[in-house]
Amino acid sequence: MVELLKGNLLKNAPLDQHTTFRIGGKADLFFVPEDEEDLKKGLSYCYEKEIPWFILGNGSNLLVSDDGIEGMVIHLDHSLFKKITFEDSQIRAGAGVKTAVLLRETLENGFGGIEFLGAIPGTMGGAFYMNAGTYLGEISSVVKEIKILDESLNTKWLSKEELDYRYRHSLFQEKPWVILEGKLNLPRAEKISAQLKVHEILERRKKTQPLGVASAGSAFKNPPSRSAWQLIDAAGLRGFSIGDAAVSDVHANFLINKNSASAKEVLTLMRFIQKTVLEKTGILLEPEIKLVGRWKENFLTKPCEVGK
Ligand SMILES: Cc1cc2nc3c(=O)[nH]c(=O)nc-3n(C[C@H](O)[C@H](O)[C@H](O)COP(=O)(O)OP(=O)(O)OC[C@H]3O[C@@H](n4cnc5c(N)ncnc54)[C@H](O)[C@@H]3O)c2cc1C
């Protein structure tokens, strides 16, 4: 059956080169399907053999275990998943399109409304899944419909209203679906004023975020009416490190890989931050970063001490 797959299929593929943290063990199988049919064949192979599968975008919101990911990691990196089309005020973008590419194309074509994507180094699949956004807006505010492949390998379009969009949350986070593409409704915008907004967000990012270092963006979600970075800062953890995993000096909610941090070091740091902030404020920080792969411990419910 795998012989019938047209796309590239690798065994024991290292994942550190596919994550912005530059961390992660190997994927048992790494598959880059050539088109939707090929993707379906790959998934039906997984279902038939009871092999777990995972969709990897740009790996910019992931902490992949040092022991890698069991089963098949699927990467929608073929050009057929990276199409962008303009139909009047409606834009269609494939799941594999990089956020920066879509932003550039929309500005070129006289549209605005997604300038915030300038700060988000992922794919559109990842943005739809995470409901990615910044203080300038979030992707759900411009989503019209999203095309998915469901667990029975049927494709269907779902309207934004069906997707339970909230802060960094979507229905996709609860379903074994593959996001294939999305339709966005974008307002017309003067290229210059849209470019200025992008410039503003990039300048702000330069001042407030660690640049040029390996990270996965904000590690924790902001609790209601609070900022995760302020809670971490007030707990005295700015700059705190475990091995090569550190709380950034520039932005206390960014964890960075200083050189050769392991996933275990980052995880231990996250647990220590949770425990310290919980003790000081009674607030349990919820990770925004997705932990994927072969983890031995239950991290979410058990913040613990360093080394335990
Ligand atoms: C420097 C930096 C700054 C950041 N700033 C921001 C910010 O300002 N705002 C913000 O919201 N985020 C930010 N992030 C986090 C990250 O860029 C976003 O969460 C982004 O949307 C993740 O996209 P991705 O393609 O990298 O997804 P990945 O990290 O690869 O995956 C994230 C999740 O999406 C799922 N997924 C991806 N594609 C698909 C698909 N086609 N079908 C089904 N599931 C899919 C994956 O399975 C995984 O569960 C930042 C990250 C970095 C490194």
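What is the mean pLDDT of the chain, and what share of its residues reach 70 or more? The mean is 94, and 96% of the residues get to 70 or more. pLDDT, by the way, is the predictor's confidence in each residue, from 0 to 100.

Residues are numbered from 1 along each chain as its sequence is written.

One stretch to treat with care: over residues 303–308, pLDDT stays under 50. Where pLDDT is low, the predicted coordinates should not be read in detail.

Okay, the overall picture. The chain has six helices and 17 strands. Those are DSSP runs, numbered from the N terminus: helices are H or I with at least four residues, strands are E with at least two. Of the 308 residues, 42% count as buried. Buried means 20 or more other C-beta atoms within 10 Å of the residue's own, with C-beta atoms placed from the backbone. Along its principal axes, the C-alpha trace spans about 50 × 50 × 35 Å.

Now the ligand. There are 32 residues around it, and Gly 57, Gly 122, Gly 125, Gly 126 and Gly 217 come nearest. Being near means that the C-beta atom, placed from the backbone, lies within 6 Å of the molecule. Elements giving two or more residues to that shell include strand S3 (53–56), strand S12 (178–185) and strand S13 (214–218). Helix H3 gives the most, with five residues.

Four of its five residues are buried, so S13 is largely enclosed by the rest of the structure. S13 runs antiparallel to strand S16 (residues 254–257), and three bridges join them. We say two strands pair if DSSP finds at least two bridges between them. Have a look at Ala 214, which stands opposite Asn 257 in S16.

S12 has a partner as well: six bridges join it to strand S10 (residues 143–149), again antiparallel.

S10 and S11 form a hairpin with five residues between them, and Leu 153 in the turn has a positive phi of about 65 degrees.

How values were computed
Predicted model: local features only at pLDDT ≥ 70, side-chain atom pairs only at ≥ 80, totals over all residues. Buried ≥ 20, exposed ≤ 12 C-beta atoms within 10 Å, placed from the backbone. Contact = placed C-beta atoms within 7 Å.
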